Amino acid sequence: MTKSKSGFSKLSKDEKIQWILSEYFSGNPRAEKTLKQYWNDNESLQKLHDDFIENTLSNFYLPFAVAPNFRINGKYYTVPMVIEESSVVAAASKAAKFWSKRGGFTTTVLGTEKIGQVHFIYKGDKQKLISFFETIQPKFYENTQSITANMQKRGGGITSITLVDKTSEMEDYFQLHTIFETKDSMGANFINSCLEEFAKTLKEEAQHYISFSEDEKNIEVIMSILSNYVPNCVVRAEVSCKVEELHEDESYARRFVQAVQIAQLEPYRAVTHNKGIMNGIDAVVLATGNDFRAVEAGVHAYASRNGKYASLSSAEIKDGIFRFWLDVPLALGTVGGLTSLHPLVKFSLEMLGNPSAQQLMQIVAAAGLAQNFAALNSLTTTGIQQGHMKMHLMNILNQLEATDEEKRLTTLRFHGRPISHSAVVDFVENLRLRKEQI
Ligand code: MEV
């Protein structure tokens, strides 16, 4: 690109595509075809997707799959998963089935608190600020009545507002630290709207507060925003069984527990361990139209809450019982956002029985624990590559544009044999050579 483009967002979708094609693809019609082949024939459905974000050119497909046999608190679920990584869904399904025969997953919501903060600068007498805050507290609630009315009807709202002195960390820095209950919505819009109203109230009321000097009246709000760190919006998922019901090899349970202990003490391992958990969590979060970036940010902060990045899951053997559990912060919603817009999200939620946010937290946590179990099971026994390459075989075959017959013969050939990219390429090339020679 030689120069910047102004007014791009004002162009029509077709004009945007034409500009991209001429700027980056020398007008190659193949590039246009690539974009357009992912358009949906149903124009209104396409329009719905176009309107989710700005400058939409096409749709970016990810597989939508399901993992059946998730027994959670005695009830069976088929869990929707959206993910590109082969073997994740197979692993989740296998782990779900394994645990369904051993009592299934037990899940408990440990808390549902959401957090938001108004960050502001106040230059003056701290005691006066405390008195001011106490005086105007009711105003924060009064001035947000129109925003909170509906949420209150659903049993949610503002739980508490606290003035926090952060001046030991940054000069003149204070916060309004607020706790919210947002029931079945993730609550980002609700929280941010309340916070912006608090900021307005704070500034306006300061102007009229008689005890403040002129300087003290000039409270400067730096920003008002929810926090994606939700250490009190946590769900626990756990599985347990007698050690002898876990595996025929009696050392299995001990090695499994040691693998978890390693992830608790060694950050390099913990990150990969937790990534495996997020394979399950993100896939369900995406399929149910939730914000996986928010979940990821919150989860990893939580994994560091004791000052060192560590495993989210724990395991123990006590009195002959193997127990494996996961505590994870999940700010999820089953109303609002994409949940009533995206047809596949609606499908996912309906398949899950239209869960409340708390029920969804439990399903998602179970998916995370299942994924973690599957990964540790492979890692501590056969190694990860065996199962992974088996699932990856289809990707290699698709890269090679293998025919159905080539896929069938290759799958047959590699059944129970080690799979490597080069071995598969050699085998398919050989098949093709032999065909040519016939
Ligand atoms: C791969 O996506 C995830 C794993 O690396 C997780 C783990 O190591 O626990 C298999």
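# A guided reading of the model

E401 sits in the loop between α15 (385-399) and α16 (404-414), where helices (H or I, at least four residues) and strands (E, at least two) are DSSP runs numbered from the N terminus. This is a predicted model, in which local features need pLDDT of at least 70 and side-chain atom pairs count only at pLDDT 80 or more, while totals for chains, interfaces and linings use all residues. Residues are numbered from 1 along each chain as its sequence is written, and side-chain values use heavy atoms, with hydrogens and water left out.

The phi angle of E401 is near 50°, a positive value in a residue other than glycine. E401 is exposed, with a relative accessible area of 67%; on this scale buried means under 20%, exposed over 50%, and partly exposed in between, for a 1.4 Å probe and protein chains only. N354, which lies in the loop between α13 (343-351) and α14, likewise is not a glycine and has a positive phi of about 45°. Its relative accessibility is 53%, so N354 counts as exposed.

## The chain as a whole

The protein chain has 17 helices and 10 strands, and its C-alpha atoms fill a box of roughly 95 × 70 × 40 Å along the principal axes. Of its 438 residues, 45% count as buried. Among the contacts with a separation of 6 or more, 70% are made by residues 24 or more positions apart, where contact means heavy atoms within 4.5 Å. The chain exposes about 23,300 Å², of which carbon and sulfur atoms supply 52%; accessible areas come from the Shrake-Rupley method with a 1.4 Å probe, and for residues only the protein chains shown count as cover.

## The surroundings of the ligand

Which residues surround the ligand? They are E85, R269, T272, H273, K275, G276, N279, A375, L379 and I384, a residue being near a molecule or strand if one of its heavy atoms lies within 4 Å of it. This shell divides into three nonpolar, four polar and three charged residues, where Ala, Val, Leu, Ile, Met, Phe, Trp, Tyr, Cys and Pro count as nonpolar, Asp, Glu, Lys and Arg as charged, and the others, Gly among them, as polar.

| Residue | Distance from a polar side-chain atom to an oxygen atom of the ligand |
|---|---|
| R269 | 2.8 Å |
| K275 | 2.7 Å |

The protein covers 82% of the 300 Å² of accessible area that the ligand has on its own. Two or more residues of the shell come from each of α11 (267-287) and α14 (357-379), and the largest share, six residues, is given by α11.

## Aromatic rings

How many aromatic pairs does a search of the whole structure find? The search finds 25, counting rings of Phe, Tyr and Trp (its six-membered ring) whose centres lie within 6.5 Å, with planes under 30 degrees apart called stacked, over 60 edge-to-face and the rest tilted. In one of these pairs, the rings of F324 and F373 have their centres 6.3 Å apart and their planes at 50°, so the pair is tilted. This pair links distant parts of the chain, since F324 belongs to strand β10 (residues 321-329) and F373 to helix α14, 49 residues apart. F324 is buried at 0% relative accessibility, and F373 is buried at 4%.

E245 lies in helix α9 (residues 243-246) and, at 38% relative accessibility, counts as partly exposed.

Is T148, by contrast, buried or exposed? T148 is buried, with a relative accessible area of 1%, and is found in helix α6 (residues 145-153). Beyond its neighbours within four places in sequence, T148 is in contact with I158, F190 and C194.

S87 is placed in the loop between β2 (75-82) and α4 (88-100), and at 18% relative accessibility it counts as buried. Not counting residues up to four places away in sequence, S87 touches G387, H388 and M391.

Methods
Polar contact = N/O pair within 3.5 Å; in protein donor to acceptor, adjacent residues only side chain to side chain.
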